[in-house]
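Welcome, and please take a look at the model below.

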Amino acid sequence: MDVSQELVEEDDMYHYGPYIIYFFPEPPTEASLADARRVLSTTQASASDVEAEIEAAEAALAKVLRESKSLIEGLQTQRNALEQTITQTMAYLSPIRRLPLELLRNIFMEYFDEHPCCAWVLAAIRLITTQHASADTIRLWLERSGDTVPLDIEIFLRVTSTNSGTDSPTRRRRRSRSRSRSLSPTPWHLSFPHQGVAAHYIVGHSPLTPAGIVAHFPPSPSPIAVPHSPTGISDSWLSMHHPGDRPTARQSRSSLHWGHIAIYYLAEQMHRWERFIFRFDRQFASMSALKSISGDAPLLKEFEVSSAETAYYPEWQWLPNAPPNATLVLPNLKTLTLQYTPFKWSSPMFRTNLHTLNLRALPACHLPLDRILYIIASNPALESLTLHFQGALPAVLPLSPTTLPLIKTLQIGGHYSLSQLIDVLVLPQLTTLTLDIEPRDPIEDTISNLLTRSSKPSLAHLSIAYGNSSNNFYYGPSGTVIAWPSLLGDLTHLESLRIGGTTLEPLLSVLGEEPWACPNLEALGVRNCHALGEGVVKLVAMVEARNPQPPLIQGTVKRLKSLELYDCASFGEDVVEWLGSRVEEVVCTEPEFDRWVWTV
């Protein structure tokens, strides 16, 4: 305390700095009361004077603030006018004005049709490119985008194939329908086991693809499609394991170095990556450029490197292969997709508390089950999990129960031992379950135990062996499921059901008789389900029971809206036409020995 603030005691008063605190004797006397009245009057007058000084000081401060604020607002208005002049002048000098107005109008109308709000979202740059754009063009785009604007990068590479333009008669005859449309300017569709879809990467609009497999990617602000290189040097890619593809020497050199140069420029900007998508259909000469993807990416939210087919990879020290003690700055990474690319189970990239994880391991990647479970348990905030391992080893460490409280979508395919992972998972919020595991034993106990262990979640979408069945897997005479009533009887919230590799009649009998199994079912798909003598009869009876004509006003079971039958039985055109009169969308394909496709 300062000396001037020290308390000094006298006989009848205290001095506290410049102020006086009077001490009145007790009991009061006539003299002390008179002194008190005098002190009160003097103190009240002093307090009024101080209050007036405070008000005057506040008024002066308010005046200064008003004047300063007015001056700042005037300067801001002047700055805005100058910035608007600068913007208009730069727009007038922009190279884009070299294009005809008609062409510019068509470009903007196209983007407005795709994303109505694209003109109001300018917080990031979306870089979409293929091997047709020169690496120097990519460098120029990155340089002109500044140093701080986040980057949304999509790269799609297609290796040249001499047979790509020819389709077999079977492929020409097969057809499918899909109401979905990819938001990316590429015909590639990435599909993991999902909603009854075969677990493979599809290049182009394959007529072999059933409806509903198109993967949607959310629109990113300010999309920039890198133009094709005018030289045409990079139009062809040299495949490392398809010797029939032989571009010219100049094209081969360009193809060999394109990936190294482009990835080098992109890796230099990793601190700006917000989304990185890299897809290619097969191994290419400069694929080793991917190993340069290493370092910190503080803005990265989604990372994907996907190949359409498997290939051999050496040991790469890139992000998914980082050593366990490496320090990676990936605080915002929420979505990770790796398909047919190398990774290590102990990489810190799998310990960023992901929300979405899609892993399709290389065929040579055989991890013990406990290490696969370690990847899962390291991300307790998972909402969607997709795993596919063609090979898996028995667990070395005991598998402990793992609860994922937020997960809603679980898709597991590959080796039959992966069912042991399902036996230790607890998923209280599960709504979509897809299992495409190699055939060994009926799987209804695994599913029932999972739902019971998870406190009976409201499962809305179920797919069993719907992808594997297309690869001619066969589950024996009893099929994938033996006890259909016990499995479907408790699935009162189920809206879509996809089944493959089982006997058709028992499934249709359960769905077409009371008490109703799956009363909320609206979509049914079966694939490669062998039908016995009464398969077609059971199908017609099931549709007649669930979709009566005329429709019931208040039925106890919902009407089917979608029915897909692939390679099950020879139905005939009249049966397909009748099904189309009862169900809104019907797709039927005949077995291979009598191949044809009916769409209604």
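This is a predicted model: local features need pLDDT of at least 70, side-chain atom pairs count only at pLDDT 80 or more; totals for chains, interfaces and linings use all residues.

## A covered strand

All five of the five residues in strand β19 (residues 496-500) are buried, so to speak of this strand is to speak of a mostly covered one. Here, buried means under 20% relative accessible area, exposed over 50%, and partly exposed in between, with a 1.4 Å probe and protein chains only. Helices (H or I, at least four residues) and strands (E, at least two) are DSSP runs, numbered from the N terminus.Ser496, Arg498 and Gly500 point one way from β19, while Leu497 and Ile499 point the other way, and all are buried. In a regular strand the side chains alternate between the two faces of the sheet.

Residues are numbered from 1 along each chain as its sequence is written, and side-chain values use heavy atoms, with hydrogens and water left out.

Strand β18 (residues 461-464) runs parallel to β19, joined by four bridges, and Leu462 stands opposite Leu497. Strands count as paired if DSSP finds at least two bridges between them. Strand β20 (residues 523-527) is also parallel to β19, through five bridges, with Ile499 opposite Val526. Together, β19, helix α10 (residues 504-511) and β20 form a right-handed β-α-β unit; with the strands pointing away from the viewer, the path from the first strand over the helix to the second runs clockwise.

## The largest nonpolar core

Which residues touch the most other members of the largest nonpolar core? They are Phe276, Phe303 and Leu488, in a core of 111 residues. Such a core is a set of buried Ala, Val, Leu, Ile, Met, Phe, Trp, Tyr and Cys residues joined through side-chain atoms within 4.5 Å.

Leaving aside residues up to four places away in sequence, Leu488 touches Leu497, Leu507, Val510, Leu511, Ala517 and Cys518; contact means heavy atoms within 4.5 Å. Cys518 is buried, at 0% relative accessibility.

## Strand β10

Strand β10 (residues 356-360) is largely enclosed by the rest of the structure because four of its five residues are buried. Five bridges pair β10 in the parallel sense with strand β9 (residues 335-339), where Gln339 stands opposite Arg360. Five bridges also pair β10 in the parallel sense with strand β12 (residues 384-389), and there Asn358 stands opposite Thr386.

## Cysteines without a bond

How many disulfides does the structure hold? It holds zero, a disulfide being a pair of cysteine sulfur atoms within 2.5 Å. The closest cysteine sulfur to that of Cys588 is in Cys568, 8.7 Å away, which is too far for a bond. Cys588 is buried, with a relative accessible area of 0%.
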